[in-house]
Amino acid sequence: MKKAQLKIQQMAFMLIAITLLFALAGMFVLVFMFSGLKESATALNERNALLLVSRLANSPEFSCGESFGMLKLNCVDEDKAIILKQNSNDYKNFWGVAGIEIQKIYPENNIECNLGNYPNCGLITIYSEKNKGVSSSNFISLCRKTSSENGIYDKCEIAKLIVFPRSEQ
Amino acid sequence: MKKFSKAQEEMMGFVLIVVIIAIFILIFVAFMISRPEKQAVESFEAESFVQSLLQYTTDCRDNLEFLSIESLINKCQKKEKCLDERDTCNVLEKNIKEIISKSWDIQNSPIKGYSLAILSNKQELLKVQEGNSTSNSIGAVQSFVRSGIPTEINFEVFYYRRDD
């Protein structure tokens with residue numbers, strides 16, 4: 001074999017080796033990327049859903065503002081919520097979601113709220129469309145003004161704000 | 001001269017291969033670092049829970065008002081009693097135990113356990129623990145200072161195979 005042929009053969013082997021290295025490394029990266037893709041999408045959806053719940057809880061229509069002392073985060077005014085429930089038709093397209101519910105966690109109570117039984121109830125369905133998807137929820141403080149023999153005081157309970165995003169979102 | 005130039009070529013080739021491999025290792029490490037996104041999302045839920053817990057109004061009152069969990073922690077630190085003579089630390093423990101058990105179900109969910117510790121001046125004031133600890137957990141830490149006493153709340157929820 002001539003020296004030139006030997007060099008060409010050496011180069012060919014080198015090229016094959018480098019191509020194989022790139023192919024293997026590329027495959028490794030692709031497999032790794034796609035294995036995390038589904039998880040990333042799920043995490044992103046969960047994050048968006050939680051942010052939506054948080055955005056709703058802190059919106060002026062729901063939030064406590066400074067009605068119960070200093071400004072509180074993730075605090076929903078129960079009186080506002082029950083009034084919103086009565087006027088839910090005006091707000092159906094305002095938030096762009098398929099449903100909004102507030103469920104008291106502690107003290108536990110599953111009775112649907114209306115103006116007749118409020119505040120001795122535990123579930124405020126602000127509104128609900130027929131085709132609700134998978135919900136996302138987050139903990140909130142549900143506060144209201146109430147009275148005892150000593151006068152009016154602030155009462156905050158633990159609840160979950162449950163939001164049903166529209167499927168096209 | 002010819003020998004020297006060939007040696008240089010070999011060295012250049014070696015360096016090139018090392019650089020290429022280093023780039024791939026860097027890409028791999030970058031992907032590994034960007035993975036704990038889900039942990040952050042779920043910790044947000046734990047943080048919201050701790051915030052809501054602190055704002056909960058208990059049935060223990062002082063001369064002015066019904067006390068929130070945050071105020072009750074402060075009263076417990078100062079060994080004060082409720083207006084009806086109940087011990088504030090007992091009321092605090094009872095309320096926290098009931099609230100957590102209703103909020104984080106360890107019977108019919110992927111949650112296997114939880115732990116909440118209240119540290120007052122870095123000393124343990126109260127610890128509530130239920131279920132089992134696992135290596136798969138989310139958590140939240142909330143700190144505040146009231147009446148000059150630094151307080152820290154560490155809350156952790158343990159999951160069983162959360163990635164399934």
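Tutor: By class, the lining of the second largest pocket is made up of ten nonpolar, eight polar and five charged residues. Here Ala, Val, Leu, Ile, Met, Phe, Trp, Tyr, Cys and Pro are counted as nonpolar, Asp, Glu, Lys and Arg as charged, and the others, Gly among them, as polar. Keep in mind that this is a predicted model, in which local features need pLDDT of at least 70 and side-chain atom pairs count only at pLDDT 80 or more, while totals for chains, interfaces and linings use all residues. Residues are numbered from 1 along each chain as its sequence is written, chains are lettered from A and ligands numbered from 1 in the order in which they are written, and side-chain values use heavy atoms, with hydrogens and water left out.

The volume of this pocket is about 610 Å³. Among the 23 residues that line it, those closest to its centre are A:Met70, A:Lys72, B:Gln55, B:Ser68 and B:Glu70. As for the method, a pocket is an open set of points on a 1 Å grid over the protein atoms alone, where a 1.4 Å probe fits and protein lies on both sides within 12 Å along at least five of seven lines; a lining residue has an atom within 4 Å of a point. The points are joined across faces, edges and corners, and the volume is the space filled by probe spheres set on them.

Which elements supply the lining? At least two residues each come from strand 5 of chain A and from helix 2 (37-55), strand 2 (66-68), helix 3 and strand 5 of chain B. Strand 5 of chain B gives the most, with four residues. Helices (H or I, at least four residues) and strands (E, at least two) are DSSP runs numbered from the N terminus.

The buried ones are B:Ile69, B:Ser71, B:Leu72, B:Ile73, B:Asn74, B:Lys75, B:Cys76 and B:Gln77. Buried means under 20% relative accessible area, exposed over 50%, and partly exposed in between, with a 1.4 Å probe and protein chains only. B:Cys76 counts as buried because its relative accessibility is 2%. After the helix comes B:Lys79, which has a positive phi near 55°.

B:Cys76 also has a bonded partner: a disulfide joins it to B:Cys89, with the sulfurs 2.0 Å apart. The torsion about that S-S bond is 100°, and the link is right-handed. This pair connects distant parts of the chain, from B:Cys76 in helix 3 to B:Cys89 in helix 4, 13 residues apart. A disulfide is taken as a pair of cysteine sulfur atoms within 2.5 Å.

B:Cys60 lies in strand 1 (residues 57-61) and B:Cys82 in the loop between helix 3 and helix 4 (88-103) of chain B, so the bond ties together parts 22 residues apart in sequence. Both B:Cys60 and B:Cys82 are buried. Counting bonded cysteines along the chain, the disulfides of chain B follow the pattern 1-3, 2-4.

Now for strand 5 of chain A, another contributor to the lining. A disulfide joins A:Cys143 to A:Cys156, with an S to S distance of 2.0 Å. The torsion here is about 110°, so the bond is right-handed. A:Cys143 belongs to strand 4 (residues 136-148) and A:Cys156 to strand 5 (residues 151-165) of chain A, so parts 13 residues apart are tied together. Both of these cysteines are buried. In chain A the disulfide pattern is 1-2, 3-4, 5-6, again counting bonded cysteines along the chain. Over all chains the count comes to five disulfides.

Finally, strand 5 of chain B covers residues 137-146, and the loop between it and strand 6 (149-159) holds B:Ser147. B:Ser147 has a positive phi of about 50°, although it is not a glycine.
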